[in-house]
Structure formats: C-alpha cells, structure tokens
Amino acid sequence: MLAFISCLFIHSTTEAFPQYGQTFVIKQIIFYILGFSLMVGVAMLDVEQLKQISWFVYAGVVLLLIGLIFAPESIARPINEAKAWYQIKFLGSLQPSEFLKFAFVLVVTRVMEKHYTLTEEPSFMSDCRLLCKVAIITMPPMLLVYQQPDTGMILLYLALLAPMIFFSSINKKLLITVAAIPVTLVIGILIIYFQFHHIYQEELLGRLSPHQVSRINGWLQPFEYEASSYQTRQGILAIGTGEIIGKGYRGNDVYIPEKHTDFIFSTIAEETGFIGGSIVILLYFLLLYRLVVIVIKARTRFAYITGAGIISLLTFQIFQNIGMTMGLLPVTGVTLPFLSYGGSSLLSNFLLLGVILSFRKTYENYFFLSRDENYE
C-alpha cells in the first residue's frame, strides 16, 4: 500500500510541476523491486550469518564514505553544497551514508553481544568500556558524514544508536548521566536563543555553517526569516489548504522544492486532506506494530537490541519528516520512509526490514533456546 501511495503521489507532483524534469515513477518502481529483493535476501539469512557479514558491511560502507572525499566531481557531484552521492548511470545517485544505518545495526549489536558474553559480572567500569567501544565504532564514520555536511543523517544515527544502548544491559544511572549533558546543552541553547537572540546571535550561531543557521532561523522564526523558511511556509500552506478531504488527485498547486522527496507528505495531505494523511499515519502504525510483535516473539538479546534501534529509527524518520512539513520541527532533509522518492533511502530501509524478518525465520525454527538466548 505504501508503494502504491508513493508512486501515485510522486507522479502527481511531477506532473503538476514540470520543472522537476521527469516523473520519477519508473525509477521508484525499480527501486521498490530492488529493495524488496534485498529484503527477501537478508530475511533468508540466519542471524549467525548476519553477524558474520557485519564487519564486512561496515568496512565497505566506510570505504565508500572515504571515497567520496577523493572522488572527482564526475563520479561524486556535489548537490546542494553536499558531496554525499555517487552518480550511477540509469539509476541516478547512491548515498553511502544511508547504508551506514544497516552497518551500524549489525556491528554495534554484535559488539554488545560479544561484550556481555566475555563479561562475567557487569559493573560500572565494564559498562564504560562498552560505551567507549560503541563510540570508537560510530564516531569516525559519523564525522565523515557530518563533514559532507548532512546533519539530518547524524540525527538518524543517534535515533538508531540511543535505543540500542538503552535496551542493552548498561546501567541506567550511567546512561542518564551521559544523556543529561547533551540534553542540558540543547535546552540551554534554546533558552538563550529565545531570550537573548538579538544580543548573542553571532556568538550563539557563529560556530555553525550558514546553511545550519538558516535552517534554525527558518524553523524557530519562519515568518521573520522568510528566505530561510520558504519550504516550511509552503508546506504549512499545502497541508492547510487540503482541509478535510483535500483538493483531489493532481489538485496540488502549492509549489515546494523537493516536494516529491522530503515533502511528499505535503502532496498527500494537500490532495487527500486530513483523512488521507491520517490513513498514511495509520499504515505506518500498523507497520511498526508488526515489527514490534516480531521482535518480542524472538526473545533474544540480539533481536531486542537490533529491533529497538530499527523501530526507533523508522519512528523518528516518520515523526521528523511529517513534523517538518508542518513547521513543528526543523527542515533536516530526512525522507519519509517508503514514500519519498529516493533509491538509497528506500533500499536501506528495506535492508533494515530484512534484518527483523530474519529473526522470524531464524527463531521460529528453533524448538529450544538456551538461557543466554532467552533474553527477558
């Protein structure tokens, strides 16, 4: 159903606004076929096989990220001031940072599982060592992505890793202490921004790139910084004018840059109204609910930690994308899973679904689970 909705409204958007140059529907169908094939391929693997390939996947993605730095523009052409894609004939572009999510899921869970296997009795120091291991694995590729720059992707990695760490056996007091630092920092920056914005604007935002500054200003004060908030204001207009039942198919007349990708929900809400938007959100709820059921039935540490990361990631993407189209959250370039046009995002999300489906295939074939595997 999501595939049908995606292709339907990508076609509607590109037909309504010829400046996009093509309909993109054929490519999206091809990406869906490729993605579904990848999902089935991963789902057919045993969990032990996923663990075995984890480091190879991680190394391959990191090499692709490093390659972007040295690749000529004929191979890796900058788009919107970001050098984050390899150009591939006939299919468009490949974004390695999208596949880093799949690599992180496998590698971080394997490191956590091995750590607890070798640790006889968890302690404060052993938990600190585990956090250091996770940081050593995740920080270098995250820094490579940050320099592209791609702040939205960094947020997705954090949305993936944070619940994985939380649902591991790390002492919760330690986690609260570590999490309190960035949370306090963000809250402090927001308070300073609103209370002393005009006085300390240069000092507060001076260390950020102009692109990041414009995104923050456009989010917090969209009607004061109109040049920085064009997408946000147009998204609000498109969704608002859809009202309850919408304007009808191909009735979207509010132009938004990247409307077929990041702002696809604006098209859906504009043409089908509140009712259509609610149906899309319901479909996402059913998808996430089904993933939760599969993970809970697996009843293993590997499944719980991995499932927590994947489900949290998809939830965050849905919440962030729909929120930014309404002006509730900043515009970050995060796509709407399985609806936005984009091959890399679609393929990576199918890979993540394949991991959870592999739990069902693996553990439903086991008659007995050992004490270590039966993770409550």
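Is Tyr 58 buried or exposed at 12% relative accessibility? At 12%, Tyr 58 counts as buried. The legends below describe close-up views of a predicted model.

**Figure 1. Trp 55 and Tyr 58 form an aromatic pair in helix α3**. The count of aromatic pairs in the structure comes to nine. In the pair shown here, the ring centres of Trp 55 and Tyr 58 are 5.6 Å apart. Their planes stand at 85°, so the pair is edge-to-face. Helix α3 covers residues 47-70, and the two residues are three apart within this helix, about one helical turn. Trp 55 is partly exposed, with 38% relative accessibility, whereas Tyr 58 is buried at 12%.

**Figure 2. Phe 302 and Phe 359 pair between two helices**. The ring centres of Phe 302 and Phe 359 lie 6.0 Å apart, and the planes meet at 90°, so this pair is edge-to-face. Phe 302 belongs to helix α11 (residues 301-325) and Phe 359 to helix α12 (residues 343-363), so the pair ties together parts that are 57 residues apart in sequence. Both Phe 302 and Phe 359 are buried.

**Figure 3. Phe 24, Phe 31 and Tyr 341 form an aromatic cluster**. These residues are linked by ring pairs.

Figure 4. Side chains of opposite charge can pair when their charged atoms come close. The structure holds seven salt bridges. Lys 51 has a relative accessible area of 11% and is buried, while Glu 48, at 41%, counts as partly exposed.

**Figure 5. Glu 270 and Lys 259 form a buried salt bridge**. The closest N and O atoms of Glu 270 and Lys 259 are 2.7 Å apart. This pair links distant parts of the chain, 11 residues apart: Glu 270 is in helix α10 and Lys 259 in the loop between α9 and α10. Helix α9 covers residues 230-242 and helix α10 covers residues 264-298. Glu 270 is buried at 0% relative accessibility, and Lys 259 is also buried, with a relative accessible area of 0%. The contact between the two side chains is also a polar contact (2.7 Å). Lys 259 and Glu 270 belong to a network of salt bridges together with Lys 247 and Asp 253.

**Figure 6. A nonpolar patch lies on the surface**. The patch is formed by Ile 26, Ile 29, Ile 30, Ile 33 and Leu 34, which together have about 430 Å² of accessible area. Ile 26 sits in helix α2 (residues 25-43). This residue is exposed, with a relative accessible area of 57%.

**Figure 7. Cys 132 is not part of a disulfide**. The structure holds zero disulfides. The cysteine sulfur nearest to that of Cys 132 belongs to Cys 128, 6.7 Å away. A disulfide needs two cysteine sulfur atoms within 2.5 Å, so Cys 132 is in no disulfide. Cys 132 is partly exposed, with a relative accessible area of 46%.

Notes: Residues are numbered from 1 along each chain as its sequence is written. This is a predicted model: local features need pLDDT of at least 70, side-chain atom pairs count only at pLDDT 80 or more; totals for chains, interfaces and linings use all residues. Side-chain values use heavy atoms; hydrogens and water are left out. Buried means under 20% relative accessible area, exposed over 50%, partly exposed in between (1.4 Å probe, protein chains only). Helices (H or I, at least four residues) and strands (E, at least two) are DSSP runs, numbered from the N terminus. A polar contact is a pair of N or O atoms within 3.5 Å; within protein, one must be able to donate a hydrogen and the other to accept it, and residues adjacent in sequence count only if both atoms are side-chain atoms. Patches are made of residues with over 30% relative accessible area and no salt bridge: like charges are joined within 9 Å, nonpolar side chains (Val, Leu, Ile, Met, Phe, Trp, Tyr) within 5 Å. Accessible areas come from the Shrake-Rupley method with a 1.4 Å probe; for residues, only the protein chains shown count as cover. A salt bridge is a side-chain nitrogen of Lys or Arg within 4 Å of a carboxyl oxygen of Asp or Glu. Rings of Phe, Tyr and Trp (its six-membered ring) pair if their centres lie within 6.5 Å; planes under 30 degrees apart count as stacked, over 60 as edge-to-face and the rest as tilted.
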